[in-house]
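Keep the viewer open and try each task before reading its solution.

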Amino acid sequence: MGFFLTIEGCEGAGKTTAKGVVLQWLKAVGHEFVETREPGGTPLAEQLRSLVLSEHEEIVTDTTELLMVFAARCQNLSQRIEPALAEGKVVVCDRFTDATYAYQGGGRGIDEQRIAVLEQLVQGDRRPDMTLLLDIEPELGLARAKGRAIEQGGSLDRIEQEAIEFFHRVRNVYLERAERYPGQYVVVDGGQSIAEVEASIIKALRARLGNK
Ligand code: TMP
């Protein structure tokens with residue numbers, strides 16, 4: 001029942017472009033869908049998102065960060081994701097638990113077994129049916145993310161300010177997971193042209209969701 005599609009990747013990998021392609025295709029084909037993001041997706045989860053991404057005067061422990069992303073996820077799942085799936089809709093979620101394994105596991109170094117305990121607690125057996133991983137060299141992705149922040153007159157958030165090694169670890173975990181779960185992951189080279197990214201995504205969507 002329903003179809004749970006998540007979009008993942010390092011900063012600047014092209015998730016936003018990918019999401020646009022997915023939503024446009026779903027509309028064209030006539031699938032009913034709900035769009036959400038993590039951390040976020042409900043008013044409370046969006047407040048938790050601001051807390052995760054903003055600077056604090058005190059040290060934010062890795063476990064606190066982990067619990068905040070799972071608290072937000074618990075709200076998003078119960079209020080948005082599960083109800084939409086129960087209605088047979090496609091749910092398009094910009095990041096999900098694979099991001100926790102990549103950022104809190106790979107980036108921060110939290111043991112994956114500790115993450116798995118929370119995953120079970122919050123999600124039970126719920127896992128994405130398909131994950132589009134936009135893969136890019138972290139140097140290139142971060143340069144794009146920085147360019148965008150400057151363009152929009154903003155600044156980098158708490159996580160975007162991490163050292164480049166952090167993002168290499170994030171990427172490695174994503175790629176490891178893509179190898180471990182080939183039935184779930186579709187890896188798209190985010191360094192390709194937009195037309196090539198679009199073609200790869202549509203091919204993957206057709207294979208899993210048909211033309212309806
Ligand atoms: P984004 O909207 O650009 O994807 O930003 C969300 C940020 O939150 C990004 O730096 C990744 C981070 N994040 C985690 O660290 N853990 C998580 O579980 C999720 C969903 C996101």
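Two exercises follow, each with a worked solution.

This is a predicted model, in which local features need pLDDT of at least 70, side-chain atom pairs count only at pLDDT 80 or more, and totals for chains, interfaces and linings use all residues. Residues are numbered from 1 along each chain as its sequence is written, and side-chain values use heavy atoms, with hydrogens and water left out.

**Exercise 1.** Find which residues surround the ligand and which elements supply them.

*Solution.* Start with the shell: 15 residues surround the ligand (a heavy atom within 4 Å). The closest are Lys15, Arg49, Arg95, Thr100 and Gln104.

Next, pick out polar contacts, meaning pairs of N or O atoms within 3.5 Å. Ligand oxygen atoms lie 2.6 Å from a side-chain N or O atom of Arg49, 2.8 Å from a polar side-chain atom of Lys15 and 3.1 Å from a side-chain N or O atom of Glu11.

Then turn to the elements, which are DSSP runs (helices H or I, at least four residues; strands E, at least two). Helix 2 (43-53), helix 3 (62-86) and helix 4 (97-107) each give two or more residues to the shell, and helix 4 has the largest share, with four.

**Exercise 2.** Find the salt-bridge partner of Lys15 and say what the pair ties together.

*Solution.* Look for a side-chain nitrogen of Lys or Arg within 4 Å of a carboxyl oxygen of Asp or Glu. The structure has 16 such salt bridges. In one of them, Lys15 pairs with Asp94, with 2.6 Å between the closest N and O atoms. Asp94 belongs to strand 3 (residues 90-94) and Lys15 to helix 1 (residues 15-29), so the bridge ties together parts 79 residues apart in sequence.

Conventions: Polar contact = N/O pair within 3.5 Å; in protein donor to acceptor, adjacent residues only side chain to side chain.
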